[in-house]
Amino acid sequence: MGSFEPLAPRQLYHPVDPTDFQFETTENLPDFFEIIGQPRAVEAVRFGMGIEKEGYNIFAHGPTGTGKRSLVRQFFEKKASQEPVPDDWCYVHNFEHDYRPNAIRLPAGRGAIFKRDMEQLVEELRTTISSAFESDEYRARRQVAEEEVNQRQEKALEEMQEQASQHNLTLIRTPGGLVFAPVRDGEVMQPEEFQNLSQEERETLEKTVGELQEQLQKVLQLVPVWQREVRQRVRELNREITNYAVSGLMAELRQKYSEFDEITAYLDAVQKDVVENSSNFIPQEEPSADGAGGPLAALMSRARPEQQPTRRYQVNLLVDHQGKQGAPVIYEDNPTYQNLIGRVEHMAQMGALVTDFTLIKPGALHLANGGYLILDVRKVLQQPYTWEALKRALLSRQITIESIGQMLSLITTISLEPEPIPLDIKLALIGDRWLYYLLSQLEPDFHELFKVQADFDEIMSRTDDNQDSYARVIATITRQEQLRPFDRSAVARVIEHSSRMVGDAEKLSIQISNITDLLQEADYWAGQNGNGAVDSSDVQKAIDAQIYRSDRLRERFQESILRETVRINTQGSAVGQVNGLSVIQLGDFSFGIPSRISARVRLGKGEVINIEREVDMSGPIHSKGVLILSGFLGARYAADENLSLSASLVFEQSYSGVDGDSASSTELYALLSAISKIPIRQSLAVTGSVDQHGNVQAIGGVNEKIEGFFDICKARGLTGEQGVLIPESNVKNLMLRRDVVEAVAEGKFQVFPVANIDQGIEILTGIPAGEPDEEGKYPADTVNGRVQERLAELAKKREELDKKPKDEEKEGKQEEEGES
Amino acid sequence: MSAAESSLDIRRILVALDASPQSMAALQAATQLAARFEAELIGVFVEDINLIRLANYPFTREVDRYSSSPRRLDSPQMELHLRAHARRVQQAMAAMTKDSGLRWSFRIVRGVISVELVAAALEADLILLGKSGWSGRKRVGSTTRTMIVQSPRQVLVLQRRVRPGMPITIIYDGSEIGLKVLQASRLVWAEGSAVSVLLLAESPEEAQRFQSEVKEELGEAAKEAQFRWRPNLDAPRLARLLRSEGCGVLVLPAESDQISGEIVLNLMNQIECAVLLVR
């Protein structure tokens with residue numbers, strides 16, 4: 001055993017020497033503006049940003065907290081600030097098709113001016129037109145036109161009256177109409193008087209009345225025709241007056257926007273519409289506030305902004321870049337369908353939902369058009385229809401606003417089809433790796449649209465240079481988050497913990513969010529302790545507190561071992577029983593606990609039974625590990641004969657599943673002990689996987705495993721005999737807790753690196769493993785020799801048994817016969 | 001009621017009603033005036049004897065004003081018509097006076113409208129009536145024409161609804177009746193009414209004198225009044241002026257040395273504002 005030395009304390013922990021740092025506290029350090037440890041991602045983003053071809057959008061993927069969004073945003077903002085401000089976009093009324101508003105593009109800042117110009121135009125039109133209509137000239141002309149029909153009617157009726165009076169008749173107006181009646185002395189003739197007239201006179205009167213009535217009917221029938229004529233003439237007059245009043249104002253605007261064909265065409269349409277609807281500009285008498293017209297009239301009132309007829313001359317300034325610098329960089333935090341594509345809102349009017357172009361609202365795509373957009377892919381995929389809409393916009397290179405309700409024919413209310421707006425955008429999606437690979441596998445258009453992947457790493461090498469950079473990152477974060485400065489011991493401790501977080505003494509974690517959390521918590525504890533600067537004890541306190549907050553379950557496990565509910569021996573020795581180590585992961589926190597692995601053997605046909613597997617509690621990797629054991633056993637000890645044993649392996653007191661192959665070396669030790677009947681030291685625990693040649697291979701979570709066993713031993717009292725066997729290749733991963741390192745330094749605990757099974761069994765049993773001679777025979781006083789001997793014994797017995805059965809069979813039959 | 005108002009001595013107001021929109025406007029104005037002067041309101045509905053008579057002719061037909069189709073007339077139906085109108089008027093009157101605590105009466109008489117109205121006018125201090133009744137024309141109707149000439153009392157002729165505070169135009173010629181005109185203008189004057197006065201004077205000096213007379217008589221009401229001088233009353237010119245300035249109520253003598261009934265009628269045919277004829 002003496003030939004295998006345990007690891008020295010310095011091998012168990014790779015500290016950072018604070019004195020290596022050139023600074024006292026992080027206050028002395030400059031900011032670190034680059035992105036630490038992400039050369040691949042930085043290169044990818046830079047490339048994706050620079051290449052201005054279709055489909056070169058960026059998909060930044062990696063674990064959370066690796067700074068994906070801040071990197072992309074930082075790069076985008078830097079580039080955008082040097083780019084021109086994109087154009088403004090407006091929606092205006094389409095006078096030909098009400099439901100298809102037109103989109104108008106204007107240079108940045110001109111949109112707001114155009115909107116103001118149109119508002120002013122309407123205001124001016126109102127005064128110009130109403131004063132034109134109030135002018136004496138117009139009034140006179142209109143009155144002439146209107147009076148004409150009255151006069152024609154009056155004249156016609158007067159003529160009738162004239163004719164009537166020639167025949168002693170008069171035209172009388174009744175509440176309902178007009179009647180001819182015979183008169184005498186200005187009064188209607190008494191019927192008696194009428195009767196006194198001669199037969200001839202009566203008949204003449206009657207006949208004349210009949211004729212006059214017919215004439216009257218004809219005259220009255222003409223009245224509506226005259227009225228129509230008058231209306232027509234008034235309309236023409238209105239048009240003439242409006243055109244005259246408006247053309248000056250419009251010419252001014254047309255001149256101002258002469259370089260924009262879309263706007264001049266729009267202004268032409270506006271002028272035509274204004275002339276046709278001049279009455280919209282004349283103030284109307286409103287129903288008074290006392291409700292003279294009733295609530296209905298108030299609802300329909302033109303004074304309500306949504307009812308104002310001049311609403312259609314407004315400009316809906318969808319995207320306004322007035323006063324902006326550079327191209328936009330937009331991060332849409334809630335990328336719903338509508339927040340992305342834009343929407344057409346509705347308003348309730350008399351119980352119905354109505355809309356117009358002024359209710360078109362922009363989405364993130366509009367706002368980012370001509371610039372950069374950043375979206376969280378998980379959120380995009382969670383929102384119904386958003387992914388499809390985003391794809392459609394990118395592929396068609398235009399933004400088409402369409403409501404979901406309309407798309408699915410769920411809503412049949414009046415809606416709009418705004419003219420699509422061309423889309424020119426650089427998009428970055430941010431998300432998890434698995435989403436990237438899932439999309440690239442399942443989404444046929446994915447590679448068309450996202451040709452640049454920026455793969456973010458979570459670890460980087462722990463070189464001296466990188467440690468210095470890391471210190472600067474810490475300094476930058478402390479300033480960004482307004483934390484107390486960290487002294488160099490604290491920085492060193494943070495870097496050490498960063499190594500421990502990735503479980504590798506030669507690597508550092510670049511999940512900056514976790515580091516930021518640690519810094520903030522250390523700052524908190526420094527505040528609690530009244531420290532001006534954060535020192536290593538504050539960092540340690542923060543780490544301890546983090547662990548304490550999450551280690552309830554670990555405590556329960558350890559308690560059940562210490563109370564011997566779960567049996568783990570930490571002293572003495574036993575045959576066929578080894579302490580294995582496993583790791584339990586609980587969210588961010590993981591810890592190791594020992595478990596008892598036992599093996600029993602008997603005569604059999606060479607099978608190794610994995611009891612966990614029999615009850616479906618073994619994962620595939622564990623099952624594979626156990627099968628490797630039979631391979632190793634057979635090839636090493638019974639190459640030329642039958643492996644005549646039957647072995648069973650079990651994780652004692654394990655009530656949930658087991659997976660991973662890190663216990664396969666442990667199982668092999670238990671098996672070798674069971675076969676050779678050599679007891680194994682229970683003061684040791686083992687981890688490591690094994691191959692078919694007996695080499696011990698690296699496993700994960702080595703630090704947690706060692707600490708898990710150490711905690712149990714420490715609670716029971718360290719004897720100096722206790723320790724852990726780890727694969728030699730895991731030594732570089734060691735970043736053990738301080739108390740473990742101290743115990744090792746004091747000789748109270750040991751960590752043995754093991755390269756192969758022979759080394760391990762020798763440490764565990766205290767008996768040499770033994771080397772085979774030329775015939776493959778192992779010396780008898782070695783572990784291997786004992787194993788080989790036992791297997792040979794079993795094989796021999798087996799042979800004997802194989803002969804026996806025939807005799808026994810006969811005997812058995814006789815017995816049966818005897819009984820029967 | 002101010003002292004100046006009480007001096008007008010309006011105790012009974014008669015309103016001629018035929019259920020036409022114009023007469024309803026007259027009723028409304030009459031109610032307001034009655035309330036203001038604490039006067040008694042008398043509504044008179046005249047069943048036109050001519051209508052009843054002509055309904056008895058077998059050959060007369062009523063030609064509908066809108067559809068121009070002829071309709072057979074008979075007297076029971078005509079009576080029914082008139083009664084319905086009378087009831088409507090009475091109901092409207094009851095509704096309008098309901099909350100004012102006014103003393104009011106309503107009666108129906110049968111006869112030739114103008115004759116009956118002239119007779120009824122004797123018992124009132126002020127008569128209100130619509131301009132042209134059912135014909136709705138701009139020209140003065142026959143009944144109103146008779147009242148303008150023959151009414152023993154002052155007459156307020158309305159074509160549409162009036163509201164307090166409408167601009168008032170007064171014609172003043174310095175005669176005895178002129179003073180009455182100024183006093184009567186208080187009937188239609190209200191706080192905020194813009195007042196403009198047309199002075200009919202032979203010389204500027206006379207106009208100046210008239211102006212100070214008006215100012216003295218009207219006092220506060222004439223404070224911001226606008227004065228114009230004309231040597232005589234030219235109906236078409238005045239009508240144009242009133243139309244362009246916008247006139248609410250015109251107050252003028254029914255007849256005086258310079259203003260004949262003819263001129264008044266001619267003027268009224270050309271304007272749309274209410275006219276208060278003072279005598």
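Five bridges join strand E29 of chain A to strand E30 (residues 750-754) of chain A, and the two run parallel. Strands (E, at least two residues) and helices (H or I, at least four) are DSSP runs, numbered from the N terminus. Two strands pair if DSSP finds at least two bridges between them. The model is predicted: local features need pLDDT of at least 70, side-chain atom pairs count only at pLDDT 80 or more, and totals for chains, interfaces and linings use all residues. Residues are numbered from 1 along each chain as its sequence is written, chains are lettered from A and ligands numbered from 1 in the order in which they are written, and side-chain values use heavy atoms, with hydrogens and water left out.

**Strand E29 and its partners**

- Ile726(A) stands opposite Pro753(A) in E30(A).
- E29(A) also pairs with strand E26 (residues 684-686) of chain A, in the parallel sense, over three bridges.
- In that pairing, Leu684(A) stands opposite Gly723(A).
- Strand E29 (residues 723-727) of chain A is largely enclosed by the rest of the structure, because five of its five residues are buried.
- Buried means under 20% relative accessible area, exposed means over 50%, and partly exposed lies in between (1.4 Å probe, protein chains only).
- In a regular strand, side chains alternate between the two faces of the sheet.
- Both faces of E29(A) are covered. Gly723(A), Leu725(A) and Pro727(A) are buried on one side, and Val724(A) and Ile726(A) on the other.

**Chain A as a whole**

- Chain A has 28 helices and 30 strands.
- Of its 820 residues, 48% are buried.
- Contact means heavy atoms within 4.5 Å.
- Take the contacts in chain A between residues at least 6 apart in sequence: 76% of them join residues at least 24 apart.

- Thr666(A) sits in helix H24 (residues 664-676) of chain A.
- Thr666(A) counts as buried because its relative accessibility is 0%.
- Setting aside neighbours within four places in sequence, Thr666(A) is in contact with several residues, including Val578(A), Ile597(A) and Val686(A).
- Ala574(A) lies in strand E20 (residues 573-574) of chain A.
- Ala574(A) has a relative accessible area of 18%, so Ala574(A) is buried too.
- Ala574(A) touches Ser673(A), Pro679(A), Ile680(A) and Gln682(A), not counting residues up to four places away in sequence.
- Ala574(A) and Ser598(A) are 24 residues apart in sequence and 9.8 Å apart in space, C-alpha to C-alpha.

**Where chain B meets chain A**

- In this interface, 26 residues of chain B are in contact with 28 residues of chain A.
- The two chains bury about 2700 Å² between them, 59% of it on carbon and sulfur atoms.
- Buried area is the accessible area (1.4 Å probe) that two parts lose on being put together, summed over both.
- Tyr57(B), Phe59(B) and Arg65(B) supply 25% of the area that chain B buries against chain A, more than any other three residues.
- Helix H3 (49-54), strand E3 (61-64) and strand E4 (70-72) of chain B each supply at least two residues of the side that touches chain A.
- Zero salt bridges are counted between the chains. A salt bridge is a side-chain nitrogen of Lys or Arg within 4 Å of a carboxyl oxygen of Asp or Glu.
- Strand E5 (residues 177-184) of chain A and E3(B) pair in the antiparallel sense over three bridges.
- Leu178(A) stands opposite Val63(B) in E3(B).
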